[in-house]
Amino acid sequence: MSTLSPEPVKPLLDGSLKNENEKKREIVRVSGLKKSFGSLEVLKGIDLSVREGEVVVIVGPSGTGKSTLLRCINLLTEPDAGHVWVDGAEITARGADVNKIRAKTGMVFQEFNLFNHLTALNNVAIGLKVVKKIPEEEARRRAMEELERVGLSSKASSYPAELSGGQKQRVAIARALAMDPRVMLFDEPTSALDPELIGEVLEVMKKLASEGMTMLVVSHEMGFAKEVADRIVFMEGGLIVEEGPPDVMFSAPKKARTKEFLGKIGAIHGGTVVA
Amino acid sequence: MEKVALVMRELPFILGGVGTTVQLAVIALAMGFVIGLPLALMEVYGSRGVRWVVSTYGTLFRSVPLLVLIFIFYFIVAKVAELSNFSAAALAMGLRSAAYQSEIFRGAIQSVGTGQMTAARSLGMTRFQAIRHVVLPQALRLAIPGWGNEAAVVLKDTSFAYAIGVAELMRRAEYASARTYEPFAIFTGCAAVYFLMTFGLTRLLTRVESAYRVRT
Amino acid sequence: MAGSDVLAFIERILPDLLRGAVITVELASMGLFLGLVLGLPTAFLRAYGKGLPKYIATLYVEAIRGTPLVVQLFIIHYGLPDLGLTFPRFVSAWLALGINSGAYQAEYFRGGIEAISAGQMAAAQALGMSRLQAIRHIILPQAFRLALPAWTNEAIYMVKYTSIAFMIAVPELLARGKMIISWYFRPTETLLAVAAIYLVILWVVARLMRLVENRFKIPGIGFETDQRA
Ligand SMILES: Nc1ncnc2c1ncn2[C@@H]1O[C@H](COP(=O)(O)OP(=O)(O)OP(=O)(O)O)[C@@H](O)[C@H]1O
Ligand SMILES: [Mg+2]
């Protein structure tokens with residue numbers, strides 16, 4: 001059933017601060033992950049590790065498998081090979097309690113995917129009621145707290161159709177947070193939003209990061225990445241090309257391809273600055 | 001196996017009703033088209049009074065159950081006008097189909113949009129020319145799927161003519177079942193014949209639809 | 001024919017017709033209910049199932065939609081006794097209407113289910129819901145609302161199609177009318193009265209369904225209408 005990480009990650013030798021960081025618990029571990037759709041090989045062997053409190057931003061060209069990687073982490077997509085551990089439990093193990101492990105990961109989608117028939121409050125409460133079996137009253141109280149956290153308690157009784165894109169995405173974040181996840185997975189959370197609505201969502205995400213939430217974010221918001229990310233992962237063609245801290249990745253990447261891509265993307269998406 | 005042989009023996013007799021069934025359906029659909037299309041145009045382009053008359057006609061003929069309509073034409077209209085049972089059934093079904101077809105065409109005409117009409121008028125076409133050359137060719141294509149549904153409904157509902165003794169498929173099957181004392185086998189066979197007919201009809205209309213599809 | 005004479009005649013036959021109307025309404029509502037019980041699972045099997053169950057669900061829907069209701073009624077009432085299954089008239093009519101309606105309702109619900117984006121299921125599962133929980137709490141409530149207008153149409157169709165029960169002598173509205181015609185031979189007044197009663201029933205049903213639709217209305221969940229075929 002739930003297996004612990006197979007091998008402790010070797011501490012890097014440079015710098016005591018880094019060392020400190022490396023001692024933190026591993027929340028997500030992906031090893032040798034492969035996935036094909038028909039004859040199209042989308043993931044060609046991904047290894048990735050995310051530690052407690054870390055914010056990792058994944059970038060890469062369209063169709064590279066970023067969404068597929070996130071969806072494999074909570075098994076919304078079933079990988080063909082490789083293993084995934086979430087908070088020490090292997091979700092890819094035979095007989096693993098997938099639903100239970102999934103509840104430990106919060107996911108935020110590009111198209112929001114709010115439940116259209118439920119009010120904002122009930123969107124946040126439904127997971128608590130159905131999955132965690134928390135009684136109605138208590139679930140609603142906690143849902144209200146989560147809505148307050150994203151600044152939307154005044155919209156509790158609105159239906160998704162009555163919310164702006166930015167508000168929808170903030171409700172979606174609250175919905176995921178309510179489950180008390182160990183890690184939040186964001187799949188391009190701002191790319192379906194009008195430019196003037198992006199800021200409010202990034203603001204919430206920054207607050208989350210500062211509270212110590214472990215986050216794995218697919219995004220091309222380079223301003224956000226520079227400011228918040230502990231590490232940037234550059235993916236292309238189903239593989240991780242290069243990863244490292246933002247300052248290194250932006251100023252002195254090892255691979256030419258990384259430099260080219262980040263340069264291009266920075267020119268397009270770097271402008272969004274959050275107050 | 002014995003039963004299959006039995007149905008096979010009765011099959012030619014039952015199939016003799018297919019002609020009547022198809023005739024009934026074709027007449028009802030043709031009548032529905034000839035009356036339903038003008039009704040639709042009247043409902044879209046007509047004056048207030050005309051629209052009211054058309055929509056009342058539609059509501060009545062869509063609301064009263066077909067069997068009641070068939071009896072009204074059989075007991076009342078046919079007695080006055082000296083019509084055969086077949087004609088009474090055909091009239092009832094045709095007038096009812098007109099009500100449904102007018103709904104289908106009205107929806108299609110409305111979804112063509114007023115922009116097309118405005119564009120045609122700006123070229124100097126009269127209202128009638130615009131309807132004839134611009135609106136209708138598009139609307140009729142859009143109406144094909146709905147019309148296909150209606151055709152299948154009419155084909156199946158011809159079986160209601162059984163109630164006034166028209167010797168269509170259903171009535172013949174009933175004779176055969178009374179003669180052989182094998183109602184299950186006979187009626188199942190009869191169902192299979194209907195199934196093949198509706199199946200064939202739907203296939204045909206899908207073909208027609210893809211042949212005339214407008215690319216947008 | 002004096003108007004007062006017509007009124008007197010209608011007054012005389014009205015109680016009988018109304019007794020038939022009660023049976024009509026009973027048949028329609030019971031048929032609709034049986035159709036719901038059969039149609040919902042069929043819709044989910046067609047949308048989410050695989051293998052044999054999905055195949056059977058498809059077969060059921062296509063076989064029913066490809067054949068006339070009258071034939072289905074005759075197979076049930078006159079045919080099934082050959083296989084040792086005999087039902088009272090009312091039950092045969094109920095079964096025929098319900099089984100028939102189930103196939104159409106399945107298609108309405110399937111339309112509703114398929115109009116719901118795959119993202120809804122993904123989001124539910126991402127919260128840790130099982131597939132069954134997601135269907136129950138997320139998909140079903142939305143599919144139900146999307147199918148509601150088509151379902152209203154179906155209720156109206158049920159009322160109209162109950163008249164086929166007359167063919168196996170269930171004493172519903174039309175059968176009573178037919179009986180009255182053979183007693184008094186005044187078909188015009190009788191049939192118009194029968195038609196009028198159907199119109200009143202349909203008007204009430206449409207009104208009721210409007211109330212139901214308003215009761216369940218949610219901003220942003222559009223209602224689709226559908227034509228039965
Ligand atoms: N369910 C699926 N069935 C078939 N192909 C799929 C499926 N999901 C993804 N793909 C294909 O896999 C490839 C990678 O998709 P993915 O969504 O993971 O890319 P991405 O990096 O997230 O791209 P984007 O930046 O456009 O979101 C694409 O070519 C896509 O068409
Ligand atoms: Mg993606």
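This is a predicted model: local features need pLDDT of at least 70, side-chain atom pairs count only at pLDDT 80 or more; totals for chains, interfaces and linings use all residues.
The number of salt bridges between chain B and chain C is 0. Polar contacts do occur there, with 7 residue pairs between chain B and chain C, both residues of each pair at pLDDT 80 or more.

Next, colour chain B by helix. The elements that give two or more residues to the side touching chain C are α2 (48-63), α3 (66-81), α4 (85-112), α6 (127-157), α7 (169-180) and α8 (183-212) of chain B. Of these, α8(B) provides the largest share, 10 residues. Sorted by kind, the residues on this side of chain B are 24 nonpolar, 5 polar and 6 charged.

Now show both sides of the boundary together. Here 35 residues of chain B are in contact with 39 residues of chain C. The two chains bury about 3,100 Å² between them, and 78% of that area is on carbon and sulfur atoms. Select F75(B), K156(B) and F184(B): they supply 19% of the area that chain B buries against chain C, more than any other three residues.

The last stop is in chain C. Select P219(C), which is in the segment after α8 (187-216) of chain C.

Show what surrounds P219(C). Apart from neighbours within four places in sequence, P219(C) is in contact with Y159(A), A161(A) and E162(A). Finally, select A47(C), which is 172 residues from P219(C) along the chain; their C-alpha atoms are separated by 25 Å.

Definitions and conventions
Residues are numbered from 1 along each chain as its sequence is written. Chains are lettered from A and ligands numbered from 1 in the order in which they are written. Side-chain values use heavy atoms; hydrogens and water are left out. Contact means heavy atoms within 4.5 Å. Buried area is the accessible area (1.4 Å probe) that two parts lose on being put together, summed over both. A salt bridge is a side-chain nitrogen of Lys or Arg within 4 Å of a carboxyl oxygen of Asp or Glu. A polar contact is a pair of N or O atoms within 3.5 Å; within protein, one must be able to donate a hydrogen and the other to accept it, and residues adjacent in sequence count only if both atoms are side-chain atoms. Helices (H or I, at least four residues) and strands (E, at least two) are DSSP runs, numbered from the N terminus. Ala, Val, Leu, Ile, Met, Phe, Trp, Tyr, Cys and Pro count as nonpolar, Asp, Glu, Lys and Arg as charged, and the others, Gly among them, as polar.
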